[in-house]
Amino acid sequence: MILKKYKIDDRFETNNYLLIDEKGHEAVLIDCTGNFVEIKKELDKYSAKLKYILLTHGHFDHIFGCLEFKDKLNPTIVIHKDDKIMVDNVDIQCNLFGIPVFKMPKVDAVIDENSKLEFGAYDIDVIHTSGHTPGGVCYMIDNKLFSGDTLFYENVGRCDLAGGNFNEIVHNISNKLYTLPKDTMVYTGHGENTTIGHEMENNFYVNKNSII
Ligand SMILES: [Zn+2]
Ligand SMILES: [Zn+2]
């Protein structure tokens, strides 16, 4: 599997991840904030079709590239059912955060923790990790965890925005992510990669609060 990380050099610095099954000629993009030309070039290199845009949650800084990809490549846009409302009301989010309103295509498919998706030869497992947003998810693909704004390198996503809940994020990380093998690579929504083992040792926010 080919795995590429993309980031736009703006104030949000959201990570997007392109995963390509080079034998099955299918790909998925995890979160979508642009870099269309570079990503299209990579897809073409492997004659791969972009099957899904897998959104980790509904915040504007993870979705504002979707329109161009939808128009030009027609992937299925996927989000957890509890965050669909955020995508459907992106104008409200933009006004709240003081950024220009952008157009967002309709979500094509809503998922929950029991959803089974796949691309090429790979299964996509959905782990519902509310706390940053109600419908925040992590995706597990090929033993790699894509953690969105749930788990960062020695940090967690902020819980003070609408729908956030600090106890929930700590509970979900402790019970659903820390049960994964320690050497599981974690590809985060912002900042650098980490591993489950590193976070179990060093994540002050989770480890200090996980007893409550
Ligand atoms: Zn977020
Ligand atoms: Zn974010």
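Visitor: How many residues does the largest nonpolar core have, and which have the most contacts inside it?

Guide: In soluble globular proteins, nonpolar side chains tend to be buried together. In this predicted model, the largest nonpolar core has 28 residues. Leu18, Ile53 and Met104 have the most contacts inside it.

Visitor: Which elements give two or more residues to this core?

Guide: There are strands and helices on the list. The strands are β1 (2–7), β2, β3 (26–30), β4 (49–54) and β5 (76–80). The helices are α1 (36–45), α2 (66–73) and α4 (90–97). The largest share, three residues, comes from α1.

Visitor: What does isoleucine 53 touch?

Guide: Leave out residues up to four places away in sequence. Ile53 then touches Leu29, Cys32, Cys66, Phe69, Pro75, Thr76, Ile77 and Val78.

Visitor: Now the cavities. How many are of 30 Å³ or more?

Guide: The count is one. The volume of the largest cavity is about 30 Å³.

Visitor: Which residues line the largest cavity?

Guide: Start with Asn15, Tyr17, Ile30, Asp31 and Thr56, which are among the lining residues. By type, four are nonpolar, six polar and one charged.

Visitor: Which elements each supply at least two residues of that lining?

Guide: They are β2 (15–21), β10 (144–148) and β13 (185–188). β10 gives the largest share, three residues.

Terms used: Residues are numbered from 1 along each chain as its sequence is written. Chains are lettered from A and ligands numbered from 1 in the order in which they are written. This is a predicted model: local features need pLDDT of at least 70, side-chain atom pairs count only at pLDDT 80 or more; totals for chains, interfaces and linings use all residues. Side-chain values use heavy atoms; hydrogens and water are left out. On a 1 Å grid over the protein atoms alone, a cavity is a set of points where a 1.4 Å probe fits but cannot get out, and a pocket is an open set with protein on both sides within 12 Å along at least five of seven lines; lining residues have an atom within 4 Å of a point. Grid points are joined across faces, edges and corners, and a volume is the space filled by probe spheres set on the points. Helices (H or I, at least four residues) and strands (E, at least two) are DSSP runs, numbered from the N terminus. Ala, Val, Leu, Ile, Met, Phe, Trp, Tyr, Cys and Pro count as nonpolar, Asp, Glu, Lys and Arg as charged, and the others, Gly among them, as polar. A nonpolar core is a set of buried Ala, Val, Leu, Ile, Met, Phe, Trp, Tyr and Cys residues joined through side-chain atoms within 4.5 Å. Buried means under 20% relative accessible area, exposed over 50%, partly exposed in between (1.4 Å probe, protein chains only). Contact means heavy atoms within 4.5 Å.
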